[in-house]
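Please look at the sequence and the 3D structure before reading on.

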Amino acid sequence: MSGTAPPAAHDRDPGLQPERTRLAWRRTTLSSTVAALLAMKTALHGGTSAAAIIVCALCCGLWLAFLLIAHHRIRTLAATNSPPALAPRHATAGALLTVALALCAAALVF
C-alpha cells in the first residue's frame, strides 16, 4: 500500500464538465428552436388548416416547456463549480419534450 490517502470529495476538480454540459443544453435548445420555427413555417405556409394550426400551437407549447427546463439547468450549471445532478423528472421531461416536439414537427411536414 502506498502512504497517500485518496483525495477528498470536496477536492474534486470538475474541469470543463459543467461548461460542456451547459453548452450541450444550449445546442439542444437551439436545435429545438429551429425545429419549432420550421414547423410553424410549414404550418402557416400556403393553405392553413385548423389541424395544422393546432399542431403548430402544440409545437410552440412544447418548445416553451423545453426552454424552461433547459434555462433552469443552464442557470444551475452556471451558479456553482459542482452543480447537483439533474433530477430524474427533469431529465425525463426534457427527453419527452424533445421527442414530442420532433413528432409534431414531423406531423406538420408530412
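The model is predicted: local features need pLDDT of at least 70, side-chain atom pairs count only at pLDDT 80 or more, and totals for chains, interfaces and linings use all residues. Residues are numbered from 1 along each chain as its sequence is written, and side-chain values use heavy atoms, without hydrogens and water.

**Helix pairs**

Helices are DSSP runs (H or I, at least four residues) numbered from the N terminus. Helix H1 covers residues 17–44 and helix H3 residues 88–109, while helix H2 covers residues 50–79. The angles below run from 0 to 180 degrees between N-to-C directions, and axes are lines fitted to C-alpha atoms over the stretch in contact.

H1 and H3 pack at an angle of about 25°, with their axes 9 Å apart. The two helices are therefore roughly parallel to each other, a term for angles under 35 degrees. Their crossing is left-handed, that is, the near helix is turned anticlockwise from the far one by less than a right angle. From H1, the contact (heavy atoms within 4.5 Å) involves Ser32, Ala35, Ala36, Ala39, Thr42 and Ala43; from H3, it involves Leu101, Ala105, Leu108 and Val109. These residues divide into eight nonpolar, two polar and no charged. Here Ala, Val, Leu, Ile, Met, Phe, Trp, Tyr, Cys and Pro count as nonpolar, Asp, Glu, Lys and Arg as charged, and the others, Gly among them, as polar.

The axes of H1 and H2 come within 9 Å and cross at roughly 170°. H1 and H2 are therefore roughly antiparallel to each other, the term for angles over 145 degrees. The crossing of H1 and H2 is also left-handed. The residues of this contact divide into 18 nonpolar, five polar and three charged.

**The nonpolar core**

A nonpolar core is a set of buried Ala, Val, Leu, Ile, Met, Phe, Trp, Tyr and Cys residues joined through side-chain atoms within 4.5 Å. The largest one has 18 residues, of which Trp25, Cys59 and Leu108 touch the most other members. H1, H2 and H3 are the elements that give two or more residues to this core. H2 gives the most, with nine residues.

Leaving out residues up to four places away in sequence, Cys59 touches Ala39, Leu101, Cys104, Ala105 and Leu108. With that exclusion, Leu108 touches Ala39, Thr42, Ala43, Ala52, Val55, Cys56 and Cys59. Leu108 and Cys56 are 52 residues apart in sequence.

**Single residues**

Buried means under 20% relative accessible area, exposed over 50%, and partly exposed in between (1.4 Å probe, protein chains only). Leu108 of H3 is buried at 11%, and Thr29 of H1 is buried at 12%. Neighbours within four places in sequence aside, Thr29 is in contact with Trp63, Phe66, Leu67 and Ala70. In H2, Leu67 is partly exposed at 28%, whereas Leu68 is exposed at 63%.

| Pair | Apart in sequence | Apart in space |
|---|---|---|
| Leu108 and Cys56 | 52 residues | 7.7 Å |
| Leu67 and Gly94 | 27 residues | 9.2 Å |
| Leu68 and Gly94 | 26 residues | 9.7 Å |

Note on methods. Angles under 35 degrees count as roughly parallel, over 145 as roughly antiparallel, 65 to 115 as roughly perpendicular and the rest as oblique.
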